Amino acid sequence: MQSIHQLPAPGADALAHSDVLLAEIRSHIASEGGWISFARYMELALYTPGLGYYSGGSQKFGADGDFITAPEITPLFGQALARQVAQVMAASRAEVIEVGAGSGVLAVDLLRALAELEALPTRYAILELSGELRARQHATLEREAPQFLDRVEWLDRLPEQFSGCVVANEVLDVMPVHQLVWRAEGIFERGVVAPVEGGLAHADRPATGAVLAAAQALAVQVPSEGEYEYVSELCLASRAWVSEWAQRLQTGALLLIDYGYPQAEYYLPSRSTGTLQCYYRHRTHTALLHWPGLNDITSFVDFTATADAAFAAGLQVLGYTSQASFLQNCGLLELLLRRGEGRSESPDYIRAARAAQRLIAPHEMGELFKVMALGRGMPSALLGFGRGDRLHVL
């Protein structure tokens, strides 16, 4: 984690872009009485049309962006995931919806792998709100897998009904979260204000309504005794999103892949400053209000809350495990052995092995990232959760 002073300075155009968004956010704060929740700020910073981080035109993914996701590390990720997607489609319908498809690389890898498995979906839909990202995804597919383009379509809202497989890789972590502060005198919500001198600042007020109710309903005791202050997050948006899918999913499964913890680990005493962080040019920092529109803002996922929301809405929690266990259950190591024609000394195999290590090593993505399957009408034993299922910890 770096301080804001250690980050490389944005260019003049980027700073000008951020200043326009900052003015927009300050205007929203004024119109909403001088204070907005952090969830509202995060929504504006990430998704304001034409200005937000995911709506603007900057490079986000890969070596030239701010962060790198598993599909950009190696196609082995998509090839292993495809086996689970194929099983879900075989038990429901041959359709896929990928939520937030990023650069489009995962769509390419999944379609190629599903073709090899003779399990191509009749329709591969991408739910993407950003017009700029849609254009990038279309360009990626057109360049890398034009033979599948006739199966691909873009959605701007959830379907009314759906049967098949929903894939959401690193989607929940960028849903707006409420930032809370537990003190001996009560639970406060940390929001954002616009000082007269410019910029933005944090400001706390007593938590109320649905936010307070959700904080009080946590299944764990959040430490807040004496003068000890405990800061963390609640993501009501992800719970609502899961509930929306529950109303629409007839048969099939949602595969949720993200970094996070079960609730008992999420609110440990050692995490007294929360999990919110920003990504900027492959560096992490916690200056959450700095350079809006230029930073990705993320928080870790509370998988217990996600499972509870699914159960309450009528979905089954079909599995929960680490990314390492999931990918290995789906044949990652077997797929790796095919690289370099099985010769471990070949350059292709060595490169692939190093990439696979990043996906499954405990100190890399293997343990930090989890996979959860939610569904209806599915087999009780999904391929990716055959070994190492951790449903008992939720």
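This report walks through some features of a predicted model, from its nonpolar cores to its strands, helices and cysteines.

## Before you start

Because the model is predicted, local features need pLDDT of at least 70 and side-chain atom pairs count only at pLDDT 80 or more, while totals for chains, interfaces and linings use all residues. Residues are numbered from 1 along each chain as its sequence is written, and side-chain values use heavy atoms, with hydrogens and water left out.

## The nonpolar cores

A nonpolar core here is a set of buried Ala, Val, Leu, Ile, Met, Phe, Trp, Tyr and Cys residues joined through side-chain atoms within 4.5 Å. Buried means under 20% relative accessible area, exposed means over 50%, and partly exposed lies in between (1.4 Å probe, protein chains only). The largest nonpolar core has 71 residues, and Leu 81, Val 85 and Trp 182 touch the most other members. Helix H4 (residues 76-90) gives this core its largest share, nine residues. Helices (H or I, at least four residues) and strands (E, at least two) are DSSP runs, numbered from the N terminus.

Setting aside neighbours within four places in sequence, Val 85 is in contact (heavy atoms within 4.5 Å) with Val 96, Leu 110, Leu 114, Cys 165, Val 167 and Leu 255. There is also a second, separate core of 53 residues, which includes Leu 44, Leu 127, Ala 168 and Val 301.

Thr 74 sits in the loop between helix H3 (70-73) and H4. Is Thr 74 buried or exposed? Its relative accessible area is 4%, so Thr 74 is buried. Not counting residues up to four places away in sequence, Thr 74 touches Arg 339, Ala 355 and Leu 359. A polar atom of the Thr 74 side chain also lies 3.1 Å from the backbone nitrogen of Leu 76. A polar contact is a pair of N or O atoms within 3.5 Å; within protein, one must be able to donate a hydrogen and the other to accept it, and residues adjacent in sequence count only if both atoms are side-chain atoms.

## Strand S2 and its surroundings

Five of the five residues of strand S2 are buried, so S2 is largely enclosed by the rest of the structure. Glu 95, Ile 97 and Val 99 point one way, Val 96 and Glu 98 the other. S2 runs parallel to strand S3 (residues 123-127), joined by five bridges; two strands pair if DSSP finds at least two bridges between them. One such link has Val 99 with Leu 127 as its bridge partner in S3.

Ser 103 is found in the loop between S2 (95-99) and helix H5 (105-116). Ser 103 counts as buried because its relative accessibility is 17%. A polar atom of its side chain lies 3.5 Å from the backbone nitrogen of Val 105. Ser 103 and Arg 134 are 31 residues apart in sequence, and their C-alpha atoms are 8.5 Å apart in space. Arg 134 belongs to helix H6 (residues 131-144) and is partly exposed, at 23%.

## Helix H10

Helix H10 (residues 303-312) is largely enclosed by the rest of the structure, because seven of its 10 residues are buried. Among these buried residues are Phe 303, Thr 304 and Ala 310. They pack against several elements, including helix H8 (236-248), strand S10 (249-261) and strand S16 (369-376).

At the start of H10, a side-chain oxygen of Asp 302 comes within 3.1 Å of the backbone nitrogen of Thr 304. Just after H10, Gly 314 has a positive phi of about 100°.

## A three-stranded sheet

Three strands form an open sheet in the order S12-S11-S13, with antiparallel pairing. S12 (283-285) and S13 (296-298) are the edge strands, each pairing on one side only. Strand S11 (residues 277-280) pairs with S13 over three bridges, and Cys 278 has Ile 297 as its bridge partner in S13.

## Cysteines without disulfides

How many disulfides are there? The count is zero, with a disulfide taken as a pair of cysteine sulfur atoms within 2.5 Å. The sulfur of Cys 330 is 11 Å from the closest cysteine sulfur, in Cys 165, which is too far for a bond. Cys 165 is buried, with a relative accessible area of 0%, and Cys 330 counts as buried at 1%.
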